[in-house]
Amino acid sequence: MTAQAADAVWDAIYGISRFAALATMAELDFAAHLRDGPLSADQLAARCDAHPQSVRRVLRELAGMGFVRSVPEGYEVTEAGLILADDSPGSLRSAIRLVGEEAYWNGMGRMPKTVKSGVSAFRELHGSVYGYLGAHPETAVVFDDYMARRAIPFAEGLADHYDFTGVERVVDVGGGRGQLISAVLAAHPHTRGVLFDLDRVIPSGREAIAAAGLADRCECVVGDFFVQDGIPVADAYILSNVIHNWNDDDSVRILSNIRSAMPSTGRILIVEIVLPDDDSPHVGLDADMRMLALIGDGMERTRTEYQTLLEKSGLNLSEIVELPGWASVVVATPM
């Protein structure tokens, strides 16, 4: 066994400990408590209603990671640590809280069981992710915030790097709080939009669109992409972080429903991670492990797999536009 291989294994093992410290910082909101000035471990524990000695031990780990800093008065939050404050630009607090949620950890920890059975251990324990969120509204709030923040780089990338010339009406299918459609409308004043999602999500989406000053150009429609009737007619349809949640049969059903609603000149913009067709390292492979553990049927796909999926849906893969970061736009047009 090489030293390099051993180092990689130990790094993965100790990475769980580092994540646990971050999860504690996020859940107990250390950044918010420390941003107005340093506190001793005892003072921070009192603010968080936590055990002082345990807080002190976590702070030491966080200091080694650079998220807090030891000072004579105790500990202060660093610039890096502020990313775990809710009101910081680009905050990742909800992302850490979601991954640290007990059911999420259960699902990831039971990966060997999932691989042996082919059935997500999370689903066996808790049912579908969306059913779980419906039964746990406090987690659903964290999930919705995580999805909204995760959508920001996708939204900016799509708005800036895809050519919307000739698109007068665009539907954001399963668009959540509307970050993506809002970015597209703001960048392309000639377009009008539709936010299309479930009734649980539309109220917060309507508020966000109004806050962005786009209520006069974007309507909010309650609907289900598994039901063909009700999908609005448009020049373009955005599916961002949707298809990867479903198996091939369900994905074909979603795409076919949109294909039936769209005009012959329409297009579908699938904003997803596109994996390489070979085994090259890619951040999407990590995402695919999470999909395997938590969703089961959901998966990240390669270009070839997307092409096959589209052909089964009566669509052509016309191009793939790479966005900054790790996402791409898979552009589909009717056969």
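**Close-up 1. The hairpin of β1 and β2.** Strands β1 and β2 form a hairpin, with two residues between them. In this predicted model, local features need pLDDT of at least 70 and side-chain atom pairs count only at pLDDT 80 or more, while totals for chains, interfaces and linings use all residues. Residues are numbered from 1 along each chain as its sequence is written, and side-chain values use heavy atoms, with hydrogens and water left out. Strand β1 covers residues 68–71 and strand β2 residues 74–77; the two pair in the antiparallel sense over four bridges.

Close-up 2. The UniProt annotation "active site", from an unreviewed entry, covers His244. (UniProt positions are given in the numbering used here, feature names are shortened, and annotations may be inferred rather than shown by experiment.) His244 sits in the loop between β6 (236–240) and α13 (248–261). Is His244 buried or exposed? With a relative accessibility of 6%, His244 counts as buried. (Buried means under 20% relative accessible area, exposed over 50%, and partly exposed in between, with a 1.4 Å probe and protein chains only.) Apart from neighbours within four places in sequence, His244 is in contact with Glu272, Met291, Gly298, Met299, Glu300 and Arg301, where contact means heavy atoms within 4.5 Å.

**Close-up 3. Cysteines without a disulfide.** The structure holds zero disulfides, a disulfide being a pair of cysteine sulfur atoms within 2.5 Å. For Cys220, which is in no disulfide, the nearest cysteine sulfur is that of Cys218, 5.3 Å away. Cys220 is buried, with a relative accessible area of 19%. Cys48 is buried too, at 13%.

**Close-up 4. Two aspartates with positive phi.** Most residues other than glycine have a negative phi. Asp29 is not a glycine, yet has a positive phi of about 60 degrees; find Asp29 in the loop between α1 (3–27) and α2 (30–34). Asp49 has a positive phi as well, near 55 degrees. Asp49 belongs to the loop between α3 (41–48) and α4 (52–65), and counts as exposed at 75% relative accessibility.

How values were computed
Two strands pair if DSSP finds at least two bridges between them.
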